[in-house]
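User: Hi! Could you walk me through some contacts in this model? I'd like to start with the salt bridges.

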Amino acid sequence: MRKKIVAGNWKMNNTLSQSISLVENIIKLLKEKPIMQSELCVVIAPPFISLEKVGNMINGHKEVFLSAQNCHSEIKGAYTGEVSVPMLKEIGCNYVIIGHSERRAYFNENDETLAKKTNALLKEDLIPIFCCGELLIERQAGNQEKIVKSQLNNALFHLSKEQIKKVVIAYEPVWAIGTGVTATSAQAQEMHAFIRKVIAEKYGTDCAEEITILYGGSCNAKNAQELFANADVDGGLIGGASLIAEDFINIIHANK
Ligand code: PGA
């Protein structure tokens, strides 16, 4: 059975002290309303400077995992301001979000770079959460499947079958991110099923069935249950709503 995940992408929110208090609240609520690691993984992606502290705080909570929001593709070197995969691994990261639409839009992250980041992560046994998704204008033109297929093809399809099974995919239609406009449950299922079909064509159905595909884009405590009820939606990558402990916990419980 494939892994269910609810991941909180805090983006550039929360100072260290704010991160500490949010994680304290999340842990407190998870103790009151526990989940089993066999049911679901919770992933928390704070800003770089809070990673180590948050990692220490979730230590001992087997169902909660640490993620970075980005990494560099090189192991080390003269890349001022960047953070490498071995650095993230040493402080306890299990996951790294790559290819988020904000990074594609503001930091020129492209599929070629993402292919390299994926390689760097898998080499160190970290799990990439690979984001893909179309712009509004692309959906309006009916090109959403073409766009997502090319993102998968260019950034991931050089991987072997064993490698791609380790990748988590997050479908995040750009028009739904931070806008309050969520994809309908049917739109989410349609694209998730398409992604699984494209993977099946390249790697076989057994492989496609094993890959976790998350939905992201204005997912909240009200709409999560309906989105997660779809056969091909294995959880969510949550932005805004992951900054409020109660909402995040309700979203987690919507995926059981
Ligand atoms: P949002 O962000 O939930 O605030 O729309 C999702 C994301 O960017 O991962």
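User: Which residue forms a salt bridge with D234?

Analyst: R196 does, and the closest N and O atoms of the two are 3.0 Å apart. A salt bridge here is a side-chain nitrogen of Lys or Arg within 4 Å of a carboxyl oxygen of Asp or Glu. The pair joins distant parts of the chain, 38 residues apart: D234 is in the loop between α11 and β8, and R196 is in helix α9. Helices (H or I, at least four residues) and strands (E, at least two) are DSSP runs, numbered from the N terminus.

User: Before I go on, what should I know about the model and the numbering?

Analyst: This is a predicted model, so local features need pLDDT of at least 70 and side-chain atom pairs count only at pLDDT 80 or more, while totals for chains, interfaces and linings use all residues. Residues are numbered from 1 along each chain as its sequence is written, and side-chain values use heavy atoms, with hydrogens and water left out.

User: Thanks! Is D234 buried or exposed?

Analyst: D234 counts as buried, at 5% relative accessibility. R196 is buried too, with a relative accessible area of 4%. Buried means under 20% relative accessible area, exposed over 50%, and partly exposed in between (1.4 Å probe, protein chains only).

User: OK, switching to aromatics. How many pairs turn up?

Analyst: A search of the whole structure finds 3 aromatic pairs. One of them is F157 with Y203: the ring centres are 5.5 Å apart and the planes are at 80°, so this pair is edge-to-face. Rings of Phe, Tyr and Trp (its six-membered ring) pair if their centres lie within 6.5 Å; planes under 30 degrees apart count as stacked, over 60 as edge-to-face and the rest as tilted.

User: What lies over the face of Y203?

Analyst: K202 does, at 5.9 Å from the ring centre. Elsewhere, the charged end of R103 sits over the ring of F107, 4.3 Å from its centre. A charge sits over a ring if NZ of Lys or CZ of Arg is within 6 Å of the ring centre and within 35 degrees of the ring normal.

User: Now β8. Which strands does it pair with?

Analyst: β8 pairs in the parallel sense with β1 (residues 5-9) over 4 bridges, and with β7 in the parallel sense over 2 bridges. Two strands pair if DSSP finds at least two bridges between them. V6 has G236 as its bridge partner in β8, while G216 stands opposite L237.

User: Which way do the residues of β8 point?

Analyst: G235 and L237 point one way, G236 and I238 the other, and all are buried. In a regular strand the side chains alternate between the two faces of the sheet.

User: What does α12 pack against?

Analyst: The buried residues of α12 pack against β1, α1 (16-32), β2 (41-45), α11 and β8, where contact means heavy atoms within 4.5 Å. The buried residues of α12 (residues 245-253) are A245, F248, I249, I251, I252 and H253.

User: Last topic: which residue has a positive phi of about 65°?

Analyst: That is D125, although it is not a glycine. D125 is in the loop between α5 (111-123) and β5 (127-132) and counts as exposed, at 60% relative accessibility. K11 has a positive phi too, near 55°, and is found in the loop between β1 and α1. Most residues other than glycine have a negative phi, and most peptide bonds are trans.
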